[in-house]
Amino acid sequence: MNSLAFPRGCSSPPLTRPSTSSRPTVPSQARIKIRPSSPRAAHCHPRVARNLSRTVAMAAPPAPPAGSAKEVLPPSLTSSSEPPALFDGTTRLYVAYHCPYAQRAWIARNYKGLQGEIKIVGIDLADRPAWYKEKVYPENKVPSLEHNNQVKGESLDLVKYIESNFEGQSLLPDDSEKKQFAEELLGYTDAFNKALYSSIVAKGDVSDETVAALDKIEADLAKFNDGPFFLGQFSLVDIAYVPFIERFQIFFSDIKNYDIIKDRPNLQKFIEEVNKIDAYVQTKQDPQFLLEHTKKRLGIA
Ligand SMILES: N[C@@H](CCC(=O)N[C@@H](CS)C(=O)NCC(=O)O)C(=O)O
């Protein structure tokens, strides 16, 4: 772990979950304990503390709406876990709790109120059960959805599939112009993610490409002048972007000392308002975990 490893016991604890009473229950396998990597970190070096308070201020989500119940999630299944009773008629959404793609389908399922109909199955990607590839989803990725004796994948397809094949609040407005814009925005998500990740993995300042991608989103949020969401109502476009915006806010703050919402009031409002939607808040993971996991994966010291 690097010098930004987060110490425990600092006066303002970094990136930790707020009170557990307001958080979804996450299985222990989905968490890691971040230990101080060095005595320096353990004593809250001022630079570390500065970084921490900065990230905390930006990343800490507000409490979920009053009265929202925590969903108890099952522990992630590992190579030593038996498969569930596959193709027994149960609809299952296979996720990794920290995966932003899986989070999209998970938010859609929550927003449509399908907690009773679509069962979440956590998969430990680092210790993946062999049966997942062999019997469930040959692409061996998450998310996948087992429904009607078939398994489908690809997060954006799944969000649309959930919208079209299940009851619940609509994830798309009726307006045809907005529907067309939705397709455009969905088509841009990979480019957006690429433009942002490129700065995270590169040395030096945030690139013009990254800034332009953020500015584009800022402008897109104002297209219909009926924010805070892209299409005037919470929709599958918000679902497509929010897991990544959530992560980029954390990563850019910590790794690049760059505040993605500075001078972007629409993005700031979007983040503020989306954090009031329980279907999304229920899927959020510990920002500190997301940061460390991603740094490790990308080989960022
Ligand atoms: N295009 C896919 C990407 C899914 C994806 O890459 N998921 C990652 C986890 S975040 C995964 O399963 N990785 C496992 C692997 O690539 O072996 C989607 O949108 O669903």
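In what order do the four strands of the open sheet sit? The order is 2-1-3-4, and the pairing is mixed. The legends below go through this predicted model view by view.

**View 1. The whole chain, before zooming in.** Here's the protein chain, with 11 helices and four strands. Of its 301 residues, 38% are buried. If you take the contacts with a separation of 6 or more, 78% of them come from residues 24 or more positions apart.

View 2. Four strands line up as 2-1-3-4. Strand 2 and strand 4 take the edges with a single partner strand each, so one side of each has no neighbour in the sheet. Going from one strand to the next, the twist averages 20°. Strand 1 (residues 91-95) pairs with strand 2 in the parallel sense, over five bridges. Strand 1 and strand 3 run antiparallel and are joined by three bridges.

View 3. Start at Thr91, which stands opposite Ile118 in strand 2. Then look towards strand 3: Leu93 stands opposite Leu145, and Tyr94 has Ser144 as its bridge partner.

View 4. Next comes Asp124, in the loop between strand 2 and helix 4 (130-136). Asp124 is a charged residue, and it's buried: 20 other C-beta atoms lie within 10 Å, and 20 is the count needed to qualify.

View 5. For strand 3 (residues 144-147), both faces are covered. Ser144 and Glu146 are buried on one side, and Leu145 and His147 are buried on the other. Strand 3 and strand 4 (residues 150-153) run antiparallel, joined by four bridges. One to pick out is Glu146, whose bridge partner in strand 4 is Val151. The hairpin has two residues between the strands, and Asn148 takes a positive phi near 50°.

**View 6. Helix 3 on the sheet and against helix 5.** Helix 3 (residues 100-111) lies across strand 1, strand 2 and strand 3, and it runs at about 145° to strand 1. Two packed helices are described by the angle and the distance between their axes. For helix 3 and helix 5 (residues 155-165), the axes come within 8 Å and cross at roughly 10°. That's under 35 degrees, so the two helices count as roughly parallel. On the helix 3 side, the contact is made by Tyr101, Ala102, Arg104, Ala105, Ala108 and Arg109. Helix 5 brings Ser155, Leu156, Leu158, Val159, Ile162 and Glu163. By class, this contact has eight nonpolar, one polar and three charged residues.

**View 7. The shell around the ligand.** Which residues surround the ligand? They are Ala96, Cys99, Tyr101, Leu125, Asn140, Lys141, Val142, Pro143, Gly153, Glu154 and Ser155. Sorted by class, the shell has six nonpolar, three polar and two charged residues.

Methods. Residues numbered from 1 in each chain as written. Predicted model: local features only at pLDDT ≥ 70, side-chain atom pairs only at ≥ 80, totals over all residues. Axes fitted to C-alpha atoms, helices over the stretch in contact; angles between N-to-C directions. Parallel < 35°, antiparallel > 145°, perpendicular 65-115°, else oblique. Contact = placed C-beta atoms within 7 Å. Near = placed C-beta within 6 Å. Pairing = 2+ DSSP bridges. Buried ≥ 20, exposed ≤ 12 C-beta atoms within 10 Å, placed from the backbone.
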